[in-house]
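Q: Can you walk me through this one? I have it open and will ask as I go.

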Amino acid sequence: MILQSIFGPDGRRYSERPAAWVPPTERGRELALRYGLARFADAWAPRTWEASLGVLDLLDAGAPPSAASCAAPPRMRALDLGAWSWRYVGGLAAWIERAYPGREVELTGVELLGNRWLAGFTRPRGLAAHFARALEGRSPVAARYLTGDLRSQPASAAELVTWFFPFTHESVARAWGLSAAEAARTAETLVQGWSLLRPGGCFVMANQGGEEWETAAAALEAAGAKLLSERALEGSLHPAPYTIRLSAWTREASGAPTSSASSKMSPR
Ligand SMILES: C[S@@+](CC[C@H](N)C(=O)[O-])C[C@H]1O[C@@H](n2cnc3c(N)ncnc32)[C@H](O)[C@@H]1O
């Protein structure tokens with residue numbers, strides 16, 4: 001309460017030193033060129049370049065063409081669940097621009113722990129606001145960030161829902177700082193995230209390692225999600241140490257979530 005009264009709800013205002021950073025790998029340079037990332041050179045520090053390129057690499061390699069073939073009206077909503085500090089939002093927006101050309105996209109990041117205090121009296125929500133602002137004037141994607149439970153979003157809220165690394169194991173969720181009650185229902189939370197998808201839309205999920213992928217996929221399948229594509233990505237620009245599984249799912253018109261999913265998940 002004291003920190004909030006000193007610094008305000010977003011914590012101390014976050015800023016970083018932008019750099020015209022040249023990605024050290026050929027793949028990074030190729031992505032930066034193809035997605036026109038030079039426009040962010042006066043906004044991103046090297047750390048932000050890395051985070052954005054990491055997510056962009058996964059999406060570029062693993063998600064199309066499925067995402068492009070999902071429902072995509074001229075004005076569409078996108079949700080990025082569990083967005084944390086959203087350092088990667090520029091990479092996500094750059095991919096959305098190309099996967100959904102000509103669409104007016106409103107992208108909302110949703111994060112349960114956006115109010116958590118971080119080093120330097122910052123908060124995830126303050127960092128996320130900074131990274132969302134960096135899109136203004138540089139990307140047609142309009143980004144905003146909500147601190148709160150994804151359950152507060154209306155069902156069928158968006159044509160595109162992304163979730164990078166949803167929790168699948170209770171112990172990992174606890175270690176991140178989720179309450180015991182919240183950590184015990186990772187399966188239910190994942191399925192609720194998927195149910196925010198409009199029928200015909202696209203749910204894109206990244207998981208770390210085969211075990212997390214199998215657990216998450218089983219929960220989604222049990223809930224009625226339809227798998228469109230799945231790829232195992234090794235040696236990507238994303239810093240996650242495991243093979244990353246990038247999958248795209250859709251929800252058919254009759255694809256209301258069922259409750260059997262939760263039995264498929266287990267504490268680690
Ligand atoms: C492993 S982290 C991934 C963070 C980020 N997407 C990334 O790739 O760096 C999973 C995130 O999901 C968030 N989360 C878990 N349950 C949630 C819920 N019910 N509503 C919103 N966010 C939630 C957690 O707080 C956490 O920040």
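A: First a term: a residue is near a molecule if its C-beta atom, placed from the backbone, lies within 6 Å of it. The model is predicted, local features need pLDDT of at least 70, side-chain atom pairs count only at pLDDT 80 or more, and totals for chains, interfaces and linings use all residues. Residues are numbered from 1 along each chain as its sequence is written.

Q: How many residues surround the ligand, and which are closest?
A: The ligand is surrounded by 15 residues, and Gly 82, Trp 84, Leu 112, Leu 150 and Phe 164 are the closest.

Q: What kinds of residue make up that shell?
A: Eleven are nonpolar, two polar and two charged. Here Ala, Val, Leu, Ile, Met, Phe, Trp, Tyr, Cys and Pro count as nonpolar, Asp, Glu, Lys and Arg as charged, and the others, Gly among them, as polar.

Q: Which ones are buried in α8?
A: Thr 186, Ala 187, Thr 189, Leu 190, Val 191, Gly 193 and Trp 194.

Q: And Gly 235, buried or exposed?
A: Gly 235 counts as exposed because it has 10 C-beta neighbours inside 10 Å. Gly 235 sits in the loop between β6 (226-233) and β7 (244-250).

Conventions. Buried ≥ 20, exposed ≤ 12 C-beta atoms within 10 Å, placed from the backbone. Helix = DSSP H or I, 4+ residues; strand = E, 2+ residues; numbered from the N terminus.
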